Amino acid sequence: MEQNGDRVELRDDPLDIAAAIEFASDPKGGAVAVFLGTTRAEIDSRGRELVALDYEAYREMAEAQMRRLADEARKSWKILRLALLHRVGRVNVKEPSVLVAVSTPHRADAFAACKFLIDQLKAEATIWKKEVWADGSSTWVDGHGG
Amino acid sequence: MKVRVKMFAVLRERGGIPELDLELPEGATVAAAMEEAGKRIGAIVDLLPRTAAAVNMFYVKPTVLLQDGDELALIPPVSGG
């Protein structure tokens with residue numbers, strides 16, 4: 001959904017990175033900062049390989065939280081365009097689960113706003129991930145595993 | 001009064017249900033509702049000390065009073081990103 005011209009949403013399908021950057025770009029911008037959080041390959045203590053993360057969300061609350069974060073960022077920095085997207089469902093190794101894209105006239109604000117948004121999203125948003133292992137087993141991540 | 005309890009992630013999976021309705025006395029706190037949910041769903045009891053709560057989509061403290069029709073979400077440690 002778009003509010004205040006921002007694109008803030010949970011998505012069930014793969015994130016379209018190029019489209020999000022295009023959305024966040026602005027003629028008055030001198031910078032677009034983009035952060036992608038991706039599924040990192042892991043091997044646990046028992047030698048199992050991680051193949052994917054399964055994301056679940058309390059959707060209505062998470063989207064409301066993400067919109068509030070976007071509004072907060074706009075109060076702190078001179079943001080032109082903003083996209084804040086998070087996946088729900090299965091995200092394979094190397095694929096993005098979260099995307100932040102912020103355009104500003106100057107790069108310092110873009111970096112700062114981008115960092116604020118991803119840090120706060122990870123700390124607050126009602127989203128959970130479960131590690132899916134090659135042997136078919138899975139475990140909920142307990143805390144801010146990243 | 002009636003309060004709808006929603007559960008997510010490990011709580012939903014352990015408990016085997018995504019939500020349940022609780023009948024609570026007027027003036028019941030969030031903490032009391034969580035205790036009642038634990039009585040109804042024994043499999044989640046050991047997780048409750050590390051579970052946060054949201055009422056009508058805002059995080060609240062356990063001492064907050066519930067009202068009829070509230071939606072109480074039980075929120076295990078979040079791990080988005």
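**Architecture of a predicted two-chain model**

Chain B contains 2 helices and 5 strands. Helices (H or I, at least four residues) and strands (E, at least two) are DSSP runs, numbered from the N terminus. The model is predicted, so local features need pLDDT of at least 70 and side-chain atom pairs count only at pLDDT 80 or more, while totals for chains, interfaces and linings use all residues. Residues are numbered from 1 along each chain as its sequence is written, and chains are lettered from A and ligands numbered from 1 in the order in which they are written.

Along the sequence, the elements of chain B follow the pattern β-α-β-α-β-β-β. Its radius of gyration is 12 Å, close to the 12 Å that the globule rule gives for 81 residues, so chain B is as compact as a globular protein of that length. This radius is taken over C-alpha atoms, and the globule rule is 2.2 Å times the number of residues to the power 0.38. The C-alpha trace of chain B spans about 35 × 25 × 20 Å along its principal axes.

In chain B, 5 strands form an open sheet. Their order is E2-E1-E5-E3-E4, and the pairing is mixed. Two strands pair if DSSP finds at least two bridges between them. At the edges stand strand E2 (19–23) and strand E4 (58–60) of chain B, each pairing on one side only. Neighbouring strands of this sheet are turned by 35° against each other on average, direction ignored. Strand E3 (residues 52–55) of chain B runs antiparallel to E4(B), and 3 bridges join the two. Within E4(B), B:Phe58 stands opposite B:Val55.

Chain A has 3 helices and 9 strands. Read along the sequence, its pattern is β-β-α-β-β-α-β-β-β-α-β-β. The radius of gyration of chain A is 16 Å, close to the 15 Å that the globule rule gives for 146 residues, so chain A is as compact as a globular protein of that length. Along its principal axes, the C-alpha trace of chain A spans about 50 × 25 × 25 Å.

An open sheet of 4 strands in chain A has the order E6-E4-E8-E9. Its pairing is antiparallel. Strand E6 (89–92) and strand E9 (138–140) of chain A stand at the edges with a single partner strand each, so one side of each is left without a neighbour in the sheet. Neighbouring strands here are turned by 25° against each other on average, direction ignored.

The pairings of this sheet can be followed strand by strand. E4(A) and E6(A) pair in the antiparallel sense over 4 bridges. There, A:Gly89 in E6(A) is the bridge partner of A:Tyr55. Strand E4 (residues 50–57) of chain A also pairs with E8(A), in the antiparallel sense, over 7 bridges. A:Ala52 stands opposite A:Val132 in E8(A). E8(A) is in turn joined to E9(A) by 3 bridges, and the two run antiparallel. A:Lys130 faces A:Trp140 of E9(A) as its opposite residue. In a regular strand the side chains alternate between the two faces of the sheet.

Two helices of chain A also pack together. The axes of helix H2 (residues 59–76) and helix H3 (residues 107–124) of chain A come within 10 Å and cross at roughly 150°. Axes are lines fitted to C-alpha atoms, for helices over the stretch in contact, and angles run from 0 to 180 degrees between N-to-C directions. H2(A) and H3(A) are therefore roughly antiparallel to each other. Angles under 35 degrees count as roughly parallel, over 145 as roughly antiparallel, 65 to 115 as roughly perpendicular and the rest as oblique. The crossing of H2(A) past H3(A) is right-handed, meaning that the near helix is turned clockwise from the far one by less than a right angle.

From H2(A), A:Gln65, A:Met66, A:Leu69 and A:Ala73 meet A:Ala113, A:Phe116, A:Leu117, A:Gln120, A:Leu121 and A:Glu124 in H3(A). Residues are in contact if their C-beta atoms, placed from the backbone, lie within 7 Å. By class, this helix contact has 7 nonpolar, 2 polar and 1 charged residues. Ala, Val, Leu, Ile, Met, Phe, Trp, Tyr, Cys and Pro count as nonpolar, Asp, Glu, Lys and Arg as charged, and the others, Gly among them, as polar.

The contact between the chains takes 24 residues from chain A and 13 residues from chain B. On the side of chain A that touches chain B, the elements giving two or more residues are H2, H3 and strand E8 (127–133). H3(A) provides the largest share of that side, 4 residues. The residues of this side divide into 11 nonpolar, 7 polar and 6 charged.

Methods. Two residues are in contact if their C-beta atoms, placed from the backbone, lie within 7 Å.
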